[in-house]
Amino acid sequence: MPRLLIAEDDADLGRAMKRSLELDGYVADHFVRGDDVLAALSTSHYDVLLLDIGLPHMTGLEILSHLRSAGDATPVIVITALDRTRHRVAGLDAGADDYLVKPVELEELAARVRAQLRRRERRQDDIMSLDDVTIDFTGHVVSVGDEPVSLTSKEFRVLSLLMRRRRRFVSKADLEGELYDQDQWVESNTVEVAISALRRKLGRNFIRTARGLGYMVGGREG
Amino acid sequence: MRRSSLSARLYRRILLLLAGAGFCMGAMLYIVANREISQASDAQLVNASRLLYMLMQDELPALRPGQGLAEGDEGPLSSDERRAFHASYDWCMFIVVWDQHIIAQSGWGAPTRHVPQKPGLHDFEASGDQWRSYGLTGEDPRLLIIVAERDATREFSVVPVMRKLALPFFGLIGVGALLLWLTLRTGLSDVERLRKTLENRSLADLSPLDPKAWASDFGPLIIALNRLFERLGQGYEKEQAFTDDVAHELRTPVAAIRAQAQLLARAAPAHLRDEADRLIAIVDRANDLVDGMLMLARLDATSASVRSVDVHELVADVVAEVMLRLPPDMIDFQVTPGHVVRWRCDPALLKIAVSAITDNAVHHAAEGRLVEIDLQRRDDRLDVVIMDRGKGIGAADRSRLLKRFERGNLAVTGSGLGLSIAVKAIALMGGSIRLEDRTDGNGLQVRLSLMSVP
């Protein structure tokens, strides 16, 4: 069972995060003080750290720097109320793997933890999940939940581009460019046909569209 | 009341000073010249009387005591002698008195009874004119020759002089005024440069001015300004630190409440889930308010950084973010045109404004379920028009809604800061926001206008 460390100086928020993650099946320890966090890390192993920046006695960034300089590669998700770009950059520069600004959706927090656990296992970016759709770019395999889905070559190429550019609109012209084949003319409705088939196979709301902008996928990453 | 510029005030004062000095000098010159002319005229009167005396030399021995001027008698002056006198002094009248009897006169001028029959210079008035006379006593004291001229004749001699001097005088004044203005402008150009330097600074630019780059007279002013910048900088840093503290101190308890509410929603029996969800929505509103206030505070210390931006792509990113926060199929979006629209602007500020207005449109679009964004490119400006199919806003409420914490429709949730955030972000780029009625039916359209900048 994955073990998580929650470092959060607000006792109420820390307890709520701990309870929520425990309901998701994790073992979670909650600490309020920075020095207590460092002491716990030196004696116990954790799979993922959820680190607030503004901790008493030792800041989250100091703990992070200490960990990374000691060669500890435990995944760290920084959770803080500081939302300026420079704060994000400082957090990521110090070695954070992810950065979340409060208030955090507890379901999203659980998903980010899952993503870190999976990444730690694989340490590769050739598999990606959005909501319950998973795509293996190298293996050319797509599944919804645990069920594999059969896609044509064109449908796979459209889905690959949408997944790679997730959370942003991809224009129809870009999708046509992806499908363009020197030996084969791309029909004017090829993209619409592929999108329609993908919606049928992956769920009607998985691919979103807006007139004048194109298509987009953007569910929760896991 | 607005005070006039330093250069204009200096210019006016120096001009007044010069005009006063010029007037005094002119008056003195006039008085001196008048006196000289008066003396020269008096000398001429003396000369005229002497000329008459010389012309009469041959007739004088024939004069007897008590002799008057008989009818048809030419007296002591013949016609030729009179002509000779008039040839030189045609503006002078004369009277020749012998033993208190007039024995010759010019035949024109002031009536003889008004003319002082005394030796020396005298002023008198006759027939409304002022006259000046000179009486010359002959070797025989019974002979008195009086020559007189109008004062107006003397003044007449001053006016042509003034006329001749007027043109060069006023020309000199004009050239002098121009030179003075140019000298002042050049001398005070540093004031103008300092004004422009300060005017062009953004609120965020508090770097000190280099005292070496300014005239030495400006040294104390530059030092005082740099001290002010330093104090403002410290105040700004404190404010930024305070804003970050507020962000942390407010967001953390809000996050705690939200997390507890989510736990409640997860664990609560079915009939209480709605209440828990409502609690989450209230917390989200409080968080929106915190975010909005932080955004406004940060915009105060922001300056626009302009570059060429694909506004279509920027709008696509905003729509993507908004759509992903909404349940699928809740709102449809339409963006026209469907291709690249480049414009020089600050992408971060434009994104803040478009996001705020699009969020508002989504809140109000519920009935129509369609939000349209139209990019209208003109020669000198780009309009980003965001339209919804809500109830619209009455003309009377529009200016009110651009202020903080104003809501158009109380049934719609929101921080009430969206429009004022957009107004501030657009104003930083020199643009403007207008709320308008849709021309094609119900609904509001918000027009963000960005002017062309080099």
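**Close-up views of a predicted model**

Chain B contains eleven helices and twelve strands. The model shown in these views is predicted. Of the 454 residues in chain B, 38% are buried. Among the contacts in this chain between residues at least 6 apart in sequence, 63% join residues at least 24 apart.

**View 1. An open sheet of five strands in chain B.** The strands follow the order β7-β9-β10-β12-β11, and their pairing is mixed. The edge positions are taken by β7 (332–336) and β11 (432–437), each with a single partner strand, so one side of each is left without a neighbour in the sheet. From one strand to the next, the twist averages 15°. In general, the strands of a sheet pair through backbone hydrogen bonds, either parallel or antiparallel.

**View 2. The pairing of β11 with β12 in chain B.** Strand β12 covers residues 444–451 and is joined to β11(B) by six bridges. These two strands run antiparallel. D437(B) has L444(B), in β12(B), as its bridge partner.

**View 3. Helix α8 across the sheet of chain B.** This helix spans residues 311–325 and lies across β7, β9 (370–377) and β10 (381–387). Helix α8 runs at about 175° to β7(B).

View 4. F333(B) belongs to strand β7 of chain B. Is this residue, F333(B), buried or exposed? With a relative accessibility of 2%, F333(B) counts as buried because the cut-off for burial is under 20%. Leaving aside residues up to four places away in sequence, F333(B) touches A210(A) and R211(A) in chain A. Its contacts in chain B are V319(B), V322(B), M323(B), L326(B), T358(B), V362(B), L370(B) and V371(B). F333(B) and V371(B) are 38 residues apart in sequence, while their C-alpha atoms are 5.0 Å apart in space.

**View 5. D190(B) and its contacts.** D190(B) is placed in helix α5 of chain B, which covers residues 189–199. Its relative accessible area is 16%, so D190(B) is buried. A polar atom of the D190(B) side chain lies 3.2 Å from the backbone nitrogen of A215(B). Not counting residues up to four places away in sequence, D190(B) touches W214(B), A215(B) and F218(B).

**View 6. Arginines over aromatic rings.** In chain B, R193(B) lies over the face of W214(B), at 3.9 Å from the ring centre. W214(B) is also one of the residues that D190(B) touches. In chain A, R164(A) lies over the face of F137(A), and here the distance from the ring centre is 4.2 Å.

**View 7. Aromatic pairs in chain B.** Over all chains, a search of the whole structure finds seven aromatic pairs. One of the pairs is formed by F85(B) and Y89(B), which are tilted, with 5.7 Å centre to centre and 35° between the planes. Both F85(B) and Y89(B) are buried. How are F124(B) and W131(B) arranged as an aromatic pair, stacked or tilted? The pair of F124(B) and W131(B) is stacked, at 6.0 Å centre to centre and 15° between the planes. F124(B) is buried, as is W131(B). Ring pairs also link F85(B), Y89(B), W91(B) and F94(B) into a cluster.

Key:
Residues numbered from 1 in each chain as written. Chains lettered and ligands numbered in written order. Predicted model: local features only at pLDDT ≥ 70, side-chain atom pairs only at ≥ 80, totals over all residues. Heavy atoms only, no water. Helix = DSSP H or I, 4+ residues; strand = E, 2+ residues; numbered from the N terminus. Buried < 20%, exposed > 50% of the residue type's maximum accessible area, 1.4 Å probe, protein only. Polar contact = N/O pair within 3.5 Å; in protein donor to acceptor, adjacent residues only side chain to side chain. Contact = heavy atoms within 4.5 Å. Pairing = 2+ DSSP bridges. Axes fitted to C-alpha atoms, helices over the stretch in contact; angles between N-to-C directions. Phe/Tyr/Trp six-rings, centres within 6.5 Å; stacked < 30°, edge-to-face > 60°. Lys NZ or Arg CZ within 6 Å of the ring centre and 35° of its normal.
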